[in-house]
Amino acid sequence: MSALEAPLDRTIAEIVGETARFTDHRVPDAGIRALFSERSVWQARLDVEAALARAEARLGIIPEAAAARIAACARVEALDADRIAAATRVQAHALVPLVEELTRVVGGDAAGWVHWGATTQNIMQTGMALLIRDAHAIVVALIRDCLRALADLADRSAEMIMPGRTHGQHAVPITFGLKAATWIDDLLRALDRLDRGVEPCLRVMMGGAVGSFASLGDRGPEVQALVAEDLGLGAMPIPSRAVLSPQSGYVVDLALLAAVCARVAVEVETLMGTEFGEVSEPVPPGSVGSSTMPHKRNPKLAPDMIELSAQIRALAPEAVQALIHPHEADSGATAALDGAIEEALVKTGDLLVRLRIVVTGLELFPARMRRNLQLSGSMLGSESVMLALGERIGREEAHRIVYEHAMRAATEGLPFQELLVADPRVTGHLGAERVAALLDPSAHIGLSPRLAREAAERARAAAG
């Protein structure tokens with residue numbers, strides 16, 4: 001069973017054998033780190049060697065019998081891992097020991113055709129494309145899970161009124177569903193960027209040492225095309241080892257996804273604060289917040305998400321820097337980029353499984369949201385009053401009058417509604433009952449419920 005097919009029934013701590021975060025004990029492993037295990041990486045490279053041999057046999061470059069033998073032996077379990085490890089310690093090379101062991105196992109005349117016309121980076125980069133493809137499928141599946149959960153969240157909170165906040169201050173009322181809708185919109189954009197960004201990474205590079213097909217000549221492009229067909233990948237138009245921008249761009253796309261996840265986490269952590277008390281991430285029975293304060297119900301997944309996001313985002317500059325290297329290839333650049341891709345994908349999996357838990361089990365406290373609306377003493381309706389009054393006396397004058405009373409209410413602790421009703425400049429045009437109606441939070445949520453439900457529909461459509 002592949003990592004992609006494996007059930008998510010083992011925690012990160014069980015897979016890794018240690019914990020970087022305490023929640024690793026309760027968070028399922030996404031399955032991505034298994035793709036980048038030594039044996040999985042070797043197998044990806046062996047798959048490329050087998051595809052190369054088959055392609056060359058189809059074109060008459062190497063004997064068909066040799067290709068069949070190479071393909072039959074290109075399995076990790078057929079090779080001696082200890083011999084590969086020992087040779088690696090001596091040669092300090094990422095691929096040659098694997099190729100030598102494959103050659104040994106193939107044996108006979110067929111052995112001379114192993115790795116024909118290819119260079120190390122051809123095999124390694126194409127092998128990485130296979131790993132990226134499988135890891136990307138897991139990332140997309142996790143994003144779709146999150147979108148389904150967010151769709152449900154947006155629907156159930158579409159009319160749940162709460163304070164809208166800008167710059168840390170009450171703005172105008174919204175519904176929680178609108179907040180969830182913004183999460184959906186960002187996640188949909190992240191998914192679109194990733195799907196577009198991964199495509200140029202999923203291409204075969206068989207141009208030889210400097211990307212010129214010198215070792216295969218006129219048959220080179222045909223070999224590359226057949227390898228691509230065999231592996232279910234595309235083919236690089238210019239198969240040069242100097243071209244690293246697709247992989248670099250993909251890491252940047254993962255960093256943007258990580259930022260989207262962190263925005264959700266920051267909001268959840270903030271709104272869990274005692275002074276807000278509007279939401280809570282799921283807190284399993286028995287979860288302890290503090291050794292000395294039994295009442296603590298601390299956020300745990302959200303802080304982990306924020307930290308993971310920062311670590312993923314920190315890989316983007318390294319990936320971009322890898323583009324800047326001399327000549328036709330630089331092993332330092334490719335090694336750095338491969339490391340950034342692997343780390344970004346593994347940590348993205350860890351981040352998304354946490355996001356899925358949070359958005360699936362997010363607790364909402366609508367009564368607290370409504371109580372918080374009262375903290376600004378009905379001033380969330382100032383815009384509504386200003387606009388209604390502005391229809392009679394002009395927006396600028398209306399803004400000046402309402403601002404005057406809002407500032408008095410804020411600085412002198414006076415009731416905003418009473419100040420408005422006591423001013424004939426206001427009641428002369430609107431009347432006390434009209435002012436009261438305009439200050440009702442439910443009267444000024446705009447299209448929040450509709451936008452929430454529309455976002456939920458888009459999320460379900462994208463999730464399939």
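1. Two strands pair if DSSP finds at least two bridges between them, and helices (H or I, at least four residues) and strands (E, at least two) are DSSP runs numbered from the N terminus. The model is predicted, with local features needing pLDDT of at least 70 and side-chain atom pairs counting only at pLDDT 80 or more, while totals for chains, interfaces and linings use all residues. Residues are numbered from 1 along each chain as its sequence is written, and side-chain values use heavy atoms, with hydrogens and water left out.

2. Strand β1 (residues 161–166) runs antiparallel to strand β2 (residues 169–175), and five bridges join the pair. M162 has I174 in β2 as its bridge partner. With two residues between them, β1 and β2 make a hairpin, and H167 in the turn has a positive phi of about 55 degrees.

3. Which kind of aromatic pair do F176 and W183 form? Rings of Phe, Tyr and Trp (its six-membered ring) pair if their centres lie within 6.5 Å, and planes under 30 degrees apart count as stacked, over 60 as edge-to-face and the rest as tilted. By this rule there are two aromatic pairs. W113 and W116 make a tilted pair, at 4.8 Å centre to centre with 55 degrees between the planes. The pair of F176 and W183 is edge-to-face, because the ring centres are 5.9 Å apart and the planes stand at 90 degrees.

4. F176, by its relative accessible area of 1%, is buried, and W183 is buried at 2%.

5. For the spaces, a 1 Å grid over the protein atoms alone is used: a cavity is a set of points where a 1.4 Å probe fits but cannot get out, a pocket is an open set with protein on both sides within 12 Å along at least five of seven lines, and lining residues have an atom within 4 Å of a point. Grid points are joined across faces, edges and corners, and a volume is the space filled by probe spheres set on the points. The structure has two cavities of 30 Å³ or more.

6. The largest cavity holds about 80 Å³ of space, and its lining includes Q121, Q125, C201 and D338. Two or more lining residues come from each of α7 (120–156) and α13 (331–361), with α7 giving the most, five residues. Counting Ala, Val, Leu, Ile, Met, Phe, Trp, Tyr, Cys and Pro as nonpolar, Asp, Glu, Lys and Arg as charged, and the others, Gly among them, as polar, this lining has seven nonpolar, four polar and one charged residues.

7. The second largest cavity holds about 30 Å³ of space, and W183 is one of its lining residues, as are L150 and C261. Its lining has eight nonpolar, no polar and no charged residues, and α10 gives the most, with three residues.

8. The largest pocket holds about 600 Å³ of space. Of the 27 residues that line this pocket, R45, A94, L95, M124 and D338 lie nearest its centre. The lining divides into 13 nonpolar, eight polar and six charged residues.

Technical notes: Buried means under 20% relative accessible area, exposed over 50%, partly exposed in between (1.4 Å probe, protein chains only).
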